[in-house]
Amino acid sequence: MERLGTGIGWRPEIADAVERMPGIDWVEAVAENLCPGHLPESLRRLRERGVTVVPHGVSLGLGGADRPDAGRLLALAERAEALGSPLVTEHIAFVRAGGPLTASPRLEAGHLLPVPRTRDALDVLCENIRIAQDALPVPLAVENIAALISWPGEEMTEGQFLYDLADRTGVRLLIDVANLHTNHVNRGEDPAEALAGLPLEAIAYVHVAGGFERDGVWHDSHAHPVPRPVLDILTDLASRISPPGVLLERDENFPEPGELERELGAIREAVEKGGGARADGAWRAAAPVEPSSVSTDPARQRLALAQTALLSALVAGTPVPEGFDRVRLGVQARALAGKRADVVAKVAPELPVILGAGYRPAFLAYAQGAPMTDGYRRDALSFAEQLLLSGKLADARARRELREWWLERSGPTPRSRRPAVRLARATRRVLLRH
């Protein structure tokens with residue numbers, strides 16, 4: 001496995017600072033935010049300097065009941081090739097549910113949700129990863145996620161689940177020590193026990209990030225400093241094996257470059273501290289087990305029903321499935337709605353400007369009865385359309401500007417600025433109403 005060194009998550013907001021930071025061996029960029037034919041100049045310059053760039057996917061949904069979407073896999077492969085990356089990474093999570101397997105509407109979480117640690121889920125995940133491995137031009141590594149909720153009736157610990165996954169597929173692991181801390185606070189899981197159960201030789205690299213605790217729940221925000229308990233888990237991991245790479249993640253609320261450099265220094269110190277207590281063994285690649293010829297279709301059906309019931313409770317207000325903690329599900333549902341409002345505001349920044357302080361309460365009210373079904377851009381349009389049709393927008397200026405915004409973006413092509421074309425469209429709308 002290629003040794004990456006110390007890196008940082010590349011984000012447009014800190015692109016200039018990252019280029020100037022000393023000791024940055026590599027960066028990781030969110031795959032869905034990159035266009036292969038139009039890479040950001042900052043990433044181009046980093047690559048010319050010999051800095052490795054790894055694309056990190058967030059929307060593939062390898063832990064979902066459906067087989068991976070061929071179009072999403074192709075897009076991930078194109079980004080890996082455009083960046084000359086040694087590997088690509090994704091998550092052990094599901095991000096959508098419903099559809100043909102359950103004969104129900106497709107639902108999007110807009111977030112990474114935990115996969116149950118069951119034999120059914122493991123069988124489906126293994127097959128999905130093999131499909132992804134066959135479609136990608138470079139090795140794949142998958143990340144353990146943070147979770148607010150636990151599935152009832154789980155059959156394995158996180159360490160056992162990840163060990164079997166790596167053993168059966170040969171997939172690499174991206175271990176997020178911040179997520180191990182999150183699961184310790186939220187689910188009572190021992191990080192040391194999880195590390196002890198991992199196939200350490202399969203680790204591709206390690207994520208480190210910050211968060212915050214509120215009312216006994218740890219939120220993996222990626223917007224706060226890395227806390228000492230997370231660094232301690234990193235030291236524990238480094239005492240067991242020398243990680244090929246360690247990366248600091250920060251997605252928002254970016255501090256001054258000097259603060260990021262200090263966090264990177266603390267990460268290096270944590271790794272060095274662990275290394276002083278380690279007796280390194282030989283590095284070896286995980287050898288995949290031959291896939292079983294038994295069909296996963298029955299397992300997919302059972303997993304689809306379970307994931308759809310959970311996601312529907314989180315985003316559509318349906319009854320909480322049996323065995324789940326209702327309070328925790330409420331926390332997760334509010335977190336999903338809040339994140340949805342935040343991302344829509346980034347995707348369509350005109351909406352908070354048009355609606356002002358009324359944007360967030362209006363969007364959260366909309367989200368309660370309108371689950372996301374087709375991504376954030378469509379969500380922004382649907383929100384604007386519903387708000388206009390509801391007649392609840394009293395401010396005439398805001399109503400006029402929102403209507404213009406929606407009309408400009410809802411058609412297959414941008415609206416023409418020519419008066420004659422605009423008049424023809426307005427006339428057609430009036431005639432269609434009659």
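The legends below describe close-up views of a predicted model.

**View 1**
Strands E5 and E6 pair in the antiparallel sense over four bridges, and Phe-94 stands opposite Leu-113 in E6. Six of the six residues of strand E5 (residues 94–99) are buried, so this strand is largely enclosed by the rest of the structure. In the hairpin of E5 and E6 there are four residues between the strands, and Ala-103 takes a positive phi near 50°. Ala-103, which is not a glycine, lies in the loop between E5 and E6 and counts as exposed, at 75% relative accessibility. Most residues other than glycine have a negative phi.

**View 1. The salt bridge between Arg-106 and Asp-66.**
The closest N and O atoms of Arg-106 and Asp-66 are 2.8 Å apart, and the two residues form a salt bridge. Arg-106 lies in strand E6 (residues 104–113), whereas Asp-66 lies in the loop between strand E3 (52–56) and helix H3 (70–83), so the pair ties together parts that are 40 residues apart in sequence. Arg-106 counts as partly exposed, at 28% relative accessibility, and Asp-66 likewise counts as partly exposed, at 26%. A search of the whole structure finds 25 salt bridges.

**View 3**
Asp-232 forms a salt bridge with Arg-228, with the closest N and O atoms 3.7 Å apart. These two residues, Asp-232 and Arg-228, are four residues apart in helix H8 (residues 228–240) and are therefore separated by about one helical turn. An α-helix has 3.6 residues a turn, so residues three or four places apart point the same way. With a relative accessibility of 37%, Asp-232 counts as partly exposed. Elsewhere, the side chains of Arg-403 and Glu-404 meet in a salt bridge at 3.8 Å, N to O; Arg-403 is partly exposed at 34% relative accessibility, and Glu-404 is partly exposed with a relative accessible area of 29%.

Nine of the eleven residues of helix H6 (residues 177–187) are buried, so the helix is largely enclosed by the rest of the structure. The buried residues of H6 are Val-177, Ala-178, Asn-179, Leu-180, His-181, Thr-182, Asn-183, Asn-186 and Arg-187. At the start of H6, a side-chain oxygen of Asp-176 reaches to within 2.8 Å of the backbone nitrogen of Ala-178. After H6 comes Gly-188, whose phi is positive, near 70°.

A polar contact of 3.2 Å joins the side chains of His-207 and Glu-143. With neighbours within four places in sequence left aside, His-207 is in contact with Glu-28, His-56, Glu-143, Leu-174, Ile-175, Asp-176, Val-177, Ala-178, Leu-247 and Glu-249. Among these contacts of His-207 are Asp-176 and Ala-178, whose side-chain oxygen and backbone nitrogen, respectively, come to within 2.8 Å of each other at the start of H6.

**View 2. Asn-253 in the loop between E12 and H9.**
Asn-253 is placed in the loop between strand E12 (245–248) and helix H9 (257–275). Phi of Asn-253 is near 50°, a positive value in a residue other than glycine. At 53% relative accessibility, Asn-253 counts as exposed.

An unreviewed UniProt entry lists residues 304–387 as "domain: SCO6045-like C-terminal". Over residues 304–387 the chain is 76% helix and 0% strand, and the end C-alpha atoms are 32 Å apart. Helix H11 (residues 326–347) has 22 residues and reaches 31 Å from its first C-alpha to its last, close to the 32 Å expected at 1.5 Å a residue. At the start of H11, a side-chain oxygen of Asp-325 comes to within 2.9 Å of the backbone nitrogen of Val-327. Buried residues in H11 include Arg-328, Leu-329, Gly-330, Val-331, Gln-332, Leu-336, Gly-338, Arg-340, Ala-341 and Val-344.

Key. Residues numbered from 1 in each chain as written. Predicted model: local features only at pLDDT ≥ 70, side-chain atom pairs only at ≥ 80, totals over all residues. Heavy atoms only, no water. UniProt positions renumbered as here; feature names shortened; annotations may be inferred. Salt bridge = Lys/Arg side-chain N within 4 Å of Asp/Glu carboxyl O. Buried < 20%, exposed > 50% of the residue type's maximum accessible area, 1.4 Å probe, protein only. Pairing = 2+ DSSP bridges. Expected span 1.5 Å × (residues − 1). Polar contact = N/O pair within 3.5 Å; in protein donor to acceptor, adjacent residues only side chain to side chain. Contact = heavy atoms within 4.5 Å.
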